[in-house]
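I want to look up a few things here and write down what I find.

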Amino acid sequence: WSSQRHWHDEEDELLVMLSGEAVLVEDGGRTVLRAGDVVAWAMGVTNGHHLINESAEDCSFIAIGAGNQDGSGAYSDIDMTFAGEGYFRRDGTPYF
């Protein structure tokens with residue numbers, strides 16, 4: 001996995017697949033990405049996303065963020081949010 005499924009309030013994301021194949025998992029489903037594919041997520045859109053390599057081969061990609069990289073967001077499938085100050089449960093309790 002590239003990360004837990006997540007989204008950002010204040011950062012746009014762009015991902016370019018460089019080699020191999022990975023499955024993009026978003027709120028709306030799964031999409032196979034291959035070398036040359038490009039995907040983007042606008043800041044503030046709560047569409048949790050990550051990549052999973054389900055193949056036997058390595059894959060590589062580059063992810064680029066633009067905006068406030070210390071901004072906030074959340075993880076779709078786990079009880080965790082993030083902000084410039086750190087990581088928190090959805091009720092605001094900090095992780096230590």
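**Entry 1: a starting residue.** In which strand does Val 38 lie? I looked it up: Val 38 belongs to strand β5, residues 38-41. Strands here are DSSP runs of E with at least two residues, and helices are runs of H or I with at least four, numbered from the N terminus.

**Entry 2: ground rules.** I noted that this is a predicted model, where local features need pLDDT of at least 70, side-chain atom pairs count only at pLDDT 80 or more, and totals for chains, interfaces and linings use all residues. Residues are numbered from 1 along each chain as its sequence is written, and side-chain values use heavy atoms, with hydrogens and water left out.

**Entry 3: the whole protein.** I found zero helices and ten strands. The radius of gyration is 14 Å, close to the 12 Å that the globule rule gives for 96 residues, so the protein is as compact as a globular protein of that length. That radius is taken over C-alpha atoms, and the rule is 2.2 Å times the number of residues to the power 0.38. Along the principal axes, the C-alpha trace spans about 40 × 25 × 25 Å. Buried residues make up 31% of the 96 residues. Buried means under 20% relative accessible area, exposed means over 50%, and partly exposed is in between (1.4 Å probe, protein chains only).

**Entry 4: the open sheet.** What is the order of the strands in the open sheet of three? I read β5-β2-β7, with antiparallel pairing. Two strands pair if DSSP finds at least two bridges between them. β5 and β7 stand at the edges with a single partner strand each, so one side of each has no neighbour in the sheet. The twist averages 15° from one strand to the next. For this, axes are lines fitted to C-alpha atoms, and angles run from 0 to 180 degrees between N-to-C directions.

**Entry 5: bridges of β2.** I counted along the joins. Eight bridges join β2 to β7, and four join β2 to β5. In β7, Ala 63 stands opposite Leu 15, and Ala 66 is the bridge partner of Asp 12. In β5, Glu 13 has Trp 41 as its bridge partner.

**Entry 6: a surface patch.** Which residues form the nonpolar patch on the surface? I listed Leu 14, Leu 18, Val 38, Ile 62 and Ile 64, with about 420 Å² of accessible area together. β2 (11-19) and β7 (60-67) each give two or more residues to the patch. Patch residues have over 30% relative accessible area and no salt bridge; nonpolar side chains (Val, Leu, Ile, Met, Phe, Trp, Tyr) are joined within 5 Å, like charges within 9 Å. A salt bridge is a side-chain nitrogen of Lys or Arg within 4 Å of a carboxyl oxygen of Asp or Glu. The areas come from the Shrake-Rupley method with a 1.4 Å probe.

**Entry 7: a hairpin.** I moved on to β3 (residues 21-26) and β4 (residues 29-34), which run antiparallel and are joined by six bridges. A hairpin of two residues connects β3 to β4. Ala 22 stands opposite Leu 33 in β4.

Entry 8: Is Ile 52 buried or exposed? Ile 52 is found in strand β6 and is buried, with a relative accessible area of 13%. Ile 52 and Asp 12 are 40 residues apart in sequence and 20 Å apart in space, C-alpha to C-alpha. Ala 56 sits in the loop between β6 (49-52) and β7. Ala 56 is exposed, with a relative accessible area of 80%. Ala 56 and Gly 20 are 36 residues apart in sequence and 9.7 Å apart in space, C-alpha to C-alpha.
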